[in-house]
Amino acid sequence: MTTPPSTKTFTPARPIWCAGCGDFAVQGVLEKSLSKMGIPPHKLMLLAGIGCSGTIQNNLKCYGYHALHGRVLPATIGAKLANPDLTVIAAGGDGDGFAIGAGHLVHTFKSNPSIIYIVMNNSNYGLTKGQASPTSPIGYHDNAEMGLDSMLLGLSFLSTTFLARGFSGNPDQLGQLMEAAIEHTESGKGFAFLEVLSPCVTYYDTHREWRARVYNVDEDKNYDPTNRASSFQKLIELKDEGHIPIGRIFKAEHASLESIIINKEETFPAQQEIGHDDHRKHYDQFMKAHLG
Ligand SMILES: Cc1ncc(C[n+]2csc(CCOP(=O)(O)OP(=O)(O)O)c2C)c(N)n1
Ligand code: SF4
Ligand SMILES: [Mg+2]
């Protein structure tokens, strides 16, 4: 006899983060934004990478999936293409997204699927005790390489449609960016990429330093997020001055992946009935064609 699911099956876990971790603010803001935007749990899927940040997936009441380290984006794109009616969010860390998963990030900028990707950047591998990540500065744990800037990376793709960077220490602005990201994907405009500066208080406490260095482009009347060239130039100038730009970095229009490859006349894979006669017929035809 199979054991029926207990009520705990559908009850989210409590966060396991250290007291003061920036990821608490990210989760709080995400929950508030989803509620404000009217996204019900049964219309939401949250997929996560491996890391402290990735455990956010255990804490929300919605469909979820914990991907292999670095593989959250292909799994998220697959979920969106299987059921475009869902709001599909990927979440993870800077190690997951910019080291082992960097190739997938590049191709997601290139293909522009309507998914949200939240990277909680703490400039280290928190879960495995603070090793240098691709965003760590020179000198951190003998790191000899300049930190990767995901906004500059995103700007270099002509297919990029949404780039933003928030700070867990500025929850109001983070909420505005989160809502804009949800709106972007809900209206099928493509990939909404949101990096959040989310300090790791245990292994690399950057909270005060980042608070002093952030520069809010949303408050700069001369900053134009629709102009790729001037955005690129401003970001480089700010970096040279020691600032970290936050805010709505870039917005543009480009056809989304699902608008190009999904045939709306057909039933989406996740909505097809399993065992349906047509399904069986196609399966038999496929097997016959390939196995004789
Ligand atoms: C294939 C594979 N390689 C390495 C690891 C070990 N590992 C687990 S989490 C992680 C990095 C976590 O850093 P990040 O993605 O920045 O997340 P954070 O913990 O900082 O939130 C690594 C290297 C793993 N789980 N799987
Ligand atoms: S180790 Fe760092 S990233 Fe992980 S939960 Fe603790 S403070 Fe957060
Ligand atoms: Mg990290």
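## Helix H6 across the sheet

Helix H6 (residues 171-186) lies across strand E3 (87-93), E4, strand E7 (162-167), strand E8 (192-197), E9 and E10. Its direction makes about 155 degrees with E7. Contact means heavy atoms within 4.5 Å. Axes are lines fitted to C-alpha atoms, for helices over the stretch in contact; angles run from 0 to 180 degrees between N-to-C directions. Helices (H or I, at least four residues) and strands (E, at least two) are DSSP runs, numbered from the N terminus.

This is a predicted model: local features need pLDDT of at least 70, side-chain atom pairs count only at pLDDT 80 or more, and totals for chains, interfaces and linings use all residues. Residues are numbered from 1 along each chain as its sequence is written, chains are lettered from A and ligands numbered from 1 in written order, and side-chain values use heavy atoms, without hydrogens or water.

## The sheet and its edges

The sheet is open and holds 8 strands, in the order E2-E1-E3-E4-E8-E7-E10-E9. Pairing is mixed; two strands pair if DSSP finds at least two bridges between them. Strand E2 (63-66) and strand E9 (214-216) stand at the edges. Each has a single partner strand, so one side of each lacks a neighbour in the sheet. Neighbouring strands are turned by 20 degrees against each other on average, direction ignored.

Valine 214 stands opposite isoleucine 244 in E10. Helix H8 (residues 228-240) packs on the sheet and touches E9 and E10. The direction of H8 makes about 175 degrees with that of E10.

## Magnesium site

Which residues coordinate the magnesium ion (ligand 3)? Asp94 (OD), Asn122 (OD1) and Asn124 (O) do, at 2.2 Å. Donors are N, O and S atoms within 2.8 Å of the metal (3.2 Å for Na, K and Ca); water is not among the atoms, so sites may look incomplete. The donor spacing along the chain is D-x27-N-x1-N.

Aspartate 94 sits in helix H3 (residues 94-100). Asparagine 122 is in the loop between strand E4 (116-121) and strand E5 (124-125), 28 residues apart from aspartate 94. Aspartate 94 is buried, at 1% relative accessible area. Asparagine 122 is also buried, at 10%. Buried means under 20% relative accessible area, exposed over 50%, partly exposed in between (1.4 Å probe, protein chains only).

## Cysteines

The disulfide count is 0; a disulfide is a pair of cysteine sulfur atoms within 2.5 Å. The closest cysteine sulfur to that of cysteine 62 is in cysteine 21, 19 Å away, too far for a bond. Cysteine 62 is partly exposed at 22%. Cysteine 52 is partly exposed at 25%.
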